[in-house]
Amino acid sequence: MSKIFRNQLFIPIAALLLLAVFNLIADPSFFKITLGYNSAGDPVLSGYLMTILDYGSELAILAIGMTLVTAASGGQDISVGAAIAISGSVVLRVLCGRDHHAETMQAPIIVAFLISCVVAMIFGAFNGALVAFFKIQPMVATLILFTAGRSIAAWINNNELPIVNEISFSYFGGFIPGIPVPTPFFIALACVIVIFLALKFTNLGLYTQSVGINESSSRLNGLNPEFIKFLAFIILGLCVAVAALIKVSRLSTINYSVIAKDIEMDAILAVALGGNALSGGKFNMGASILGAYVIQFLTTTLYKFNVPADALPAYKAVVVILLVVFSAPTVREFFSGLWKKMTKKGVEANAKA
Amino acid sequence: MKENAILEMKAIDKVFPGVLALQGVDFTLCEGEIHALMGENGAGKSTLIKVLTGVYAKDNGQIYLKGYDKPVIIRSPQDAQKMGISTVYQEITLCPNLSVAENMYIGRGKGSGVNWKKMNEDATKILQSLDIPAKADQQLSSCSIAVQQMVAIARAVDMDCKVLILDEPTSSLDEQEVEKLFKLMRDLKARGVGIIFVTHFLDQVYEVCDKITVLRDGKLVGEYEIKDLPRVQLVSKMLGKELDDLSDISGESKKYEAQPGLAPVFEAKQLVSDAGIKPFDFYIQKGEVNGFTGLLGSGRSECVRAIFGADRVLGGNVQKDGKAVKITKPIDAMRNGIGYLPEDRKVDGIVGDLSVRENIILALQVLKGFFRPFSKAEANKFADEYIKLLDIKTASADTPIKSLSGGNQQKVILARWLLTHPDYLILDEPTRGIDVGTKVDIQKLVLKLASEGMSITFISSETDEMLRTCSRMIVMRDRAVVGELTGEELTQSKIMNTIAGGEAKK
Amino acid sequence: MQKLKEKFKNISDTNLLLLITIVVFFLMYIGAVVFQGKGFLKPQTFFNILNANAALILLACGLSLVMITGSIDISVGGVTALVSMCCAVYLDYQGGNVFVSMLIALGIGLAFGLVQGILIAYLDIQPFIVTLAGMFFARGMTTIVHTNPFNVENPNFVALKETRVNVPGMGSVNKLGVYVPAYVELGVLVALLIVLALFFILRYTKLGRNFYAVGGNNQSALMLGINVKRTKFFAHLLCGVLAGIGGYVYFLHVGSGAPSHAQGAEMNAIASSIIGGTMLTGGVGNIIGTFFGVLSLSTIQNIVSSAGLDQAWWTGITIAAMLCLFLVIQSVVMARKKKQVKK
């Protein structure tokens, strides 16, 4: 029993089950998935579960990078929302060129995406450099970009709102004709596969954990802790670029102050919900990714019950606090002690009988 | 309670998950006595002290204090302080960002205000009376470690404590500072304070203590008058076995003869790092064991750190097997077949949350490269091999290293470097803070490795350990190499004279 | 020179960073006067900075306290919005009286401080996560209390809001040649009083010194006999209360309730505190520095807007640049100092 409690996947799975059961009791139609056709006449699956799969995917992509940053640096990047605004803005800038309502795209999507990857990685590198080389705590270092990011994003397009008219651009955040499952899921799947291959066939996992746990001894074992932290931030930058592509593709345009708002909080929560210590060190990538979908599950559940978007955070906060309280070591100890006492009493009672 | 006892602990039990840390331990401390608490690592000394100071709650047993008719319950270090029990720990437990005076007065006294003027005056008085070279209003982090330690003692002294616990206070002090501390301890003893002294240095026990209590595996072995317990017996009581193991090592010959015409395995000329050492020359031959000796702070660790590239190297020429190489960071040294077991195991050695297996393969893995991780099977093979070879006591290879005892952690770090099969291995204080049994194991291993052709530099604070293992010793004073001793010169007195330098010649 | 070097070595971290902050503020203000014209020489320009930022001073003070203890609180902006909204709704829709509205503000701050303090100090949950949830909760609750922004028209409140306190001996002659005395709002007086009180608490009370000790090394603090949990708890409690008061001062300045109030205020507060020489690692910081931090931050905002760069993004970028600069200065100065001590 206590083994189950201690397993890292315990929290996200328990939370997921709890949410699922809650929805099942409140309204089983939550789980209904319908096959319909969109305006272009292509088959699409819809339903709350699909929404979770759709929007949870961008979160999962961010959670990958956030987990690495957390593990290596012992802190979190709070600028991912702002960074998404920047790289989204870059994508649009490249696609639309100077003309904000260009009928045709000025560059292939892949070029725009690659350029936005480079830009996002540069901003990741900026954060990483502050953290790794100037030894500034990650939260504070990324506070800089958090404050400036959306302004920079607006500045890139001179505060105008370019619109992409090309239909194929909307595939990334919507559906590819003929495939009824939302594309973000496949993109996330690809990212997850890539990261798991990377963890299996390189020492990324061992190195980041080692640096996160003990920087000094890692250095004496020949590692370069600064570089590894730096690398973690760059990888997060890449994740940001991918998420940004999905985000701008959904709208075909951008809203600088609203796009990916509060997403950094969700991404951090995904890591925490995955049972990873926010103080760094050991991590479990699978748990983080699962955590991302659980967070989205929660968000969608709240939407379903007509919680207005602005009030959503209040409910989320309560749930988060409950989750964190119950996963706090002191509270867990208390409960496992209680459990032991209860089972002990039970055994004794049985023995007496 | 006994007549002049000020503290009696009776039948103390303390259980941690899976471990009986203390079982029915009794301990009595009398007025005006210095009482050594001895035992190997894991014997329960620290646990007993933490129970006494309220850091841990005891599971069973009573604590009696003079002046209280009922058994006392100590819930926190604060409680302990109020009852007159003060502790000076091995690690500095002061706040580096506060001033010296604040560190002496914070967390105690009545009222809620701070009177800076009075506090600084009082602190200055105490610092002067104890001859501690620190200013009251100086920020603590600007003092040397030794001075910080002394400030901690000054704090305890000022608290008018009845029971003073010194938990390995001497491990970061040099000889003169230790002398000063002992003088202080004797002063306090004369005032009727009972002192519990925990240390690994046997010499120090016999120099200042009146009584010894020995613990082993969480149980009480016994309490002895110092005069009734010769050293050999003390060690055997701590180990729980007779001392044959210790004697067979000292008998071994360690004459080393270099093969003619062979370039040194490692040679450095005018090597200097940013850690404040003077440029030094150094070489080591194949199969040789040499060592750096000198007082704490004389620069022995800094020298080997410079060799390994652990500090920033500022200049000098380095040759490996007669070829010029460049070593500026640890990985360079590792690629050249050099291994380094660092002085501070906790800070520089172990990667606490990682498993024993991962800790063992770490260095070799880094050498092998980022894109070529070991398979699970390979890693397991390596881990199992070395766990067996070095007799590492761990539940499994998956156990996090931080849950192992100090000695076993050290063996894991040793395994890590042996696994890289270095030509040249540097061991900086491999025996510090670990139990006597493991110490002997490590010394034996050093000699065995050397006989197989590995070159080893061995550093230890305990000169007799070095005498047993090294065939050549480099003596350091004030961050510079001042001499080199070989063969017949390798005696305790000769080393002392060289370390002391000019003064000894008078 | 040698003496100066010696002094530099012995100066405490807190004082060193404070010194840098004050010097930078004065340089910046002088720069503003030189490059942006005489407007900055008018006393009222300076006092307007205070008027507009009294609430920020209070929030930043609260943050300094928790940051000195080595913790963080990012809920203060949310609490400010919630306080404004609750008080606004109470005053206008419930026809409440002004004194009770103050109690409400204090009560909200206290509640946040209490709950967050318990979770962080006694249940040992990461402060970032707890206060992140606190921020979410406060923002969400603000919308739940009332969705749309509105101005408060309660006459007593408006009278209080309009109350201006003239600064004796300061003033300037306006375009019509009439002497206009410089004034501050009530909130500024509250903020200044609290700054002084906190300065006193941090320097001359045991609680204040315990904040530093816990932030310096909480393990050591425990061994020194300090009740670490209680100290942390008090830091968060105080921060919550200050957020409550700050929220009311903000409310008094803007006179309205809106869910978008004090957006990003937590970040401004953290930035001010850092510019003021507080280190997020804990143990180093000073309330006077925080005060100057807020002034520096708002002066630069003023410079930016009076330089004609009034597009919103410039403010964000300049604040970020300044934060970046200060963080780098801190990190470099500390590293150099450490090196000197080593030698």
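Which side chain does R479(B) meet in a salt bridge? The partner is E302(B), with 3.5 Å from N to O. Keep in mind that this is a predicted model, and that everything below is computed from it.

The R479(B)–E302(B) pair joins distant parts of the chain, 177 residues apart. R479(B) sits in the loop between strand 18 (472-477) and strand 19 (480-486) of chain B, while E302(B) belongs to helix 10 (residues 300-308) of chain B. The two ends also fall into separate burial classes: E302(B) is buried at a relative accessible area of 19%, a value under the 20% cut-off, and R479(B) is partly exposed at 26%.

Two other bridges in chain B are worth a look. K227(B) and E225(B) bring their side chains together at 3.8 Å, N to O; K227(B) is exposed, with a relative accessible area of 68%, and E225(B) is partly exposed, with 33%. Then there's K448(B) with E452(B), where the closest N and O atoms are 3.6 Å apart. Here the lysine, K448(B), counts as partly exposed at 45% relative accessibility, and the glutamate, E452(B), is exposed at 54%.

## Salt bridges elsewhere

Over all chains, the structure holds 30 salt bridges. In chain A, some of them form a network that links D54(A), E58(A), K247(A) and R250(A). As background, side chains of opposite charge can pair when their charged atoms come close.

## Where chain B meets chain C

This contact takes 30 residues from chain B and 26 residues from chain C. About 2300 Å² is buried between the two chains, and carbon and sulfur atoms give 55% of that area. On the chain B side, N97(B), W116(B) and Q139(B) lose the most area to chain C, together 22% of what that side buries.

How many salt bridges does the rule find across the interface of chain B and chain C? There is 1, and R209(C) forms a salt bridge with E102(B), with the closest N and O atoms 2.4 Å apart. There are also 9 residue pairs in polar contact between chain B and chain C. As for secondary structure, helix 2 (77-82) and helix 3 (100-105) of chain B each supply at least two residues of the side that touches chain C. Helix 2 of chain B gives the most to that side, with 3 residues.

## Where chain C meets chain A

Now for the other contact: 34 residues of chain C touch 44 residues of chain A. The area buried between chain C and chain A is about 3300 Å², with 85% coming from carbon and sulfur atoms. The count of salt bridges between chain C and chain A is 0, and 2 residue pairs are in polar contact.

On the chain C side, helix 5 (98-122), helix 6 (127-145), helix 12 (265-275) and helix 14 (312-342) of chain C each supply at least two residues of the part that touches chain A. Helix 6 of chain C has the largest share, 13 residues.

## Aromatic pairs

Counting over all chains gives 31 aromatic pairs. One of them is F30(A) with Y48(A): the ring centres are 5.1 Å apart and the planes are at 5°, so this pair is stacked. F30(A) lies in the loop between helix 2 (10-26) and strand 1 (34-37) of chain A and Y48(A) lies in helix 3 (residues 48-73) of chain A, so the pair ties together parts that are 18 residues apart in sequence. F30(A) is buried, with a relative accessible area of 0%, whereas Y48(A) is partly exposed at 32%.

In chain C, the rings of F233(C) and F234(C) have their centres 6.0 Å apart and their planes at 55°, so that pair is tilted. F233(C) is buried, with a relative accessible area of 12%, and F234(C) counts as partly exposed at 31%. Chain C also has a cluster, with ring pairs linking F25(C), F26(C), Y29(C), F46(C), F47(C), F291(C) and F292(C). Back in chain A, K200(A) lies over the face of F201(A), at 5.8 Å from the ring centre.

Technical notes. Residues numbered from 1 in each chain as written. Chains lettered and ligands numbered in written order. Predicted model: local features only at pLDDT ≥ 70, side-chain atom pairs only at ≥ 80, totals over all residues. Heavy atoms only, no water. Phe/Tyr/Trp six-rings, centres within 6.5 Å; stacked < 30°, edge-to-face > 60°. Helix = DSSP H or I, 4+ residues; strand = E, 2+ residues; numbered from the N terminus. Buried < 20%, exposed > 50% of the residue type's maximum accessible area, 1.4 Å probe, protein only. Lys NZ or Arg CZ within 6 Å of the ring centre and 35° of its normal. Contact = heavy atoms within 4.5 Å. Buried area = accessible area lost by both parts, 1.4 Å probe. Salt bridge = Lys/Arg side-chain N within 4 Å of Asp/Glu carboxyl O. Polar contact = N/O pair within 3.5 Å; in protein donor to acceptor, adjacent residues only side chain to side chain.
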